[in-house]
Amino acid sequence: MLLNHLSRPSAARHGVVIKGEAVVRGSHSLFFIAEAADETVLQAFLTPFLQAGEVEVMAASTCAGVVASGGCDARPADVSTSVLDPADACQDAVEAGLLIHSVYPLNGETSVQDLAGGAVVPNGRFYLRNHFDIPNLDGESYRLSVDGLVERSLSLSMRDLHNLHAESLMVTLECAGNGRSLFDPTVPGEAWGLGAVSTAEWTGVPLSKVIERAGPRSGARELTFRGADGGLVEGHDAPIRFERGLSFDQIRETDALLAYEMNGEPLSATHGYPLRLIVPGWYAVASVKWLTEIVVTDKPCETHYQTEKYWYQWVRNGRDERAPVTLMSVRALISSPDQGESLPRGETAIRGVAWSGAGSISRVDVSLNNGPWREARLVGEPRRSAWQWWELITRLEQTGPLAVRARATDMAGRTQPERAEWNRLGYGNNSIHSVTAQVI
Ligand SMILES: Nc1nc2c(c(=O)[nH]1)N[C@H]1C(S)=C(S)[C@@H](COP(=O)(O)O)O[C@H]1N2
Ligand SMILES: [Mo]
């Protein structure tokens, strides 16, 4: 309720303009910089906060503008595209029921119970992961450029792309950081629970068709995908763009799509309007949103998000080892029962989803109160790149706590570890999921 009250449109209705805000982690304090005609207007706007705690109004110094734009060290990002108002985008996400982790950039996860239900996650509830402001691109003037080591450089409008043969694919996207908050010891980065994963049906043009049109020249082996978004990141003096690369070999093994639709609707601005890459099977960092350029090269892409982030960094036998984050690890999540849920005695259904980047799911096993693993039933057709529903019908005879665990195995024979190996940046946490319910 308070978050909604704080949104830009709601503040405007009270005659208040919010210039910037900050939440202090762990202290339950919220600071924000606001402008109003006089203090009584501001006090009236703040009344609902008195129900939650104390309210203190301090006169702003002339420094307010500096603080609101990120502090004295912040330099404006040199990205010429216009951006969505993050507060509006956040408001939509709150209303759709996402659990918001941060507003700048806008990051929010789906609640694990909301994964249950349909074959896909409704667009509004699909988790959101952004690194920068959200570009607000104009579909009319938009062009996708394809150049570099090609016979013909291309500049494709959305109309050109719509005129090419379209394909639709059900694909699960999972953030490599999904489950990061469950690593012990804690690791830096967005503290995702388990809901940074969702499935949609994506429609667009196969990437291979567009690359064929451009005609790779001899020596061409790699692709760089550039998004319209960007900004400053640690260790770089100038603003960077969100860029990722894939080799021709890696693409040959996937059905990568240049997608313009998500579940039958045009992509929303937050999910990459008007065009994004979808790389089935890969952790979602590969699926570049607001895709504006594809560059064909003879060298691997060496950008911030390719070489400095998205690497597993393990400490094994006192030695550092690393490997790039690529395919999603095999994993099952329990969507029902919910943690702490009360279940009546008698027949009950344990349900969830399971997926793997390496192939479809071959089995899911469920263990109750640390008893033996029992094979669950896989519901519906197995799909190579989208999650699989599973369920186990069982009878609950005894009242008391019920610990439920679920473990998936994929066609490649990979299964989940009891505890995923800790790594410095907290990627790929596919530890076996467990929830505890109460039988009453
Ligand atoms: N241009 C661009 N593409 C991006 C990102 C981004 O910040 N900018 N984030 C990536 C990451 S880390 C994830 S998990 C997915 C999230 O996609 P979604 O917000 O549609 O769920 O987008 C990927 N593509
Ligand atoms: Mo991600």
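Student: In this predicted model, which of the 18 residues around ligand 1 come nearest?

Tutor: A residue counts as near when one of its heavy atoms lies within 4 Å of the molecule. By that criterion 18 residues are found around ligand 1. Those that come nearest are Tyr-127, His-131, Asp-229, His-271 and Lys-289.

Student: How do the residues of the shell around ligand 1 divide into nonpolar, polar and charged?

Tutor: Tyr counts as nonpolar, whereas Asp and Lys count as charged. Applied to the shell of ligand 1, this scheme gives 10 nonpolar, four polar and four charged residues.

Student: Which residue places a polar side-chain atom 2.5 Å from an oxygen atom of ligand 1, and what area does ligand 1 expose when taken alone?

Tutor: The residue with the polar side-chain atom at 2.5 Å from a ligand oxygen is Lys-289. The protein buries 100% of the area that ligand 1 exposes when taken alone. That area is 540 Å².

Student: Which residue uses a backbone N or O atom at 3.0 Å from an oxygen atom of ligand 1?

Tutor: Here the protein atom belongs to the backbone, and the ligand atom is an oxygen. The distance between them is 3.0 Å, and the residue is Arg-129.

Student: Where does ligand 1 sit?

Tutor: A molecule is assigned to a cavity if more than half of its atoms lie within 2 Å of the grid points. On this basis ligand 1 is placed in the largest cavity.

Student: What is the strand content of the span 131-305?

Tutor: An unreviewed UniProt entry places the feature "domain: Oxidoreductase molybdopterin-binding" at these residues. The end C-alpha atoms of the span lie 10 Å apart, and its helix content is 12%. The strand content is 35%.

Student: How far apart are the end C-alpha atoms of residues 326-438?

Tutor: The unreviewed UniProt entry gives "domain: Moybdenum cofactor oxidoreductase dimerisation" for this range. The chain there is 0% helix and 50% strand. Its end C-alpha atoms are separated by 38 Å.

Note on methods:
Residues are numbered from 1 along each chain as its sequence is written. Chains are lettered from A and ligands numbered from 1 in the order in which they are written. This is a predicted model: local features need pLDDT of at least 70, side-chain atom pairs count only at pLDDT 80 or more; totals for chains, interfaces and linings use all residues. Side-chain values use heavy atoms; hydrogens and water are left out. A polar contact is a pair of N or O atoms within 3.5 Å; within protein, one must be able to donate a hydrogen and the other to accept it, and residues adjacent in sequence count only if both atoms are side-chain atoms. Accessible areas come from the Shrake-Rupley method with a 1.4 Å probe; for residues, only the protein chains shown count as cover. On a 1 Å grid over the protein atoms alone, a cavity is a set of points where a 1.4 Å probe fits but cannot get out, and a pocket is an open set with protein on both sides within 12 Å along at least five of seven lines; lining residues have an atom within 4 Å of a point. UniProt positions are given in the numbering used here, feature names are shortened, and annotations may be inferred rather than shown by experiment. Helices (H or I, at least four residues) and strands (E, at least two) are DSSP runs, numbered from the N terminus.
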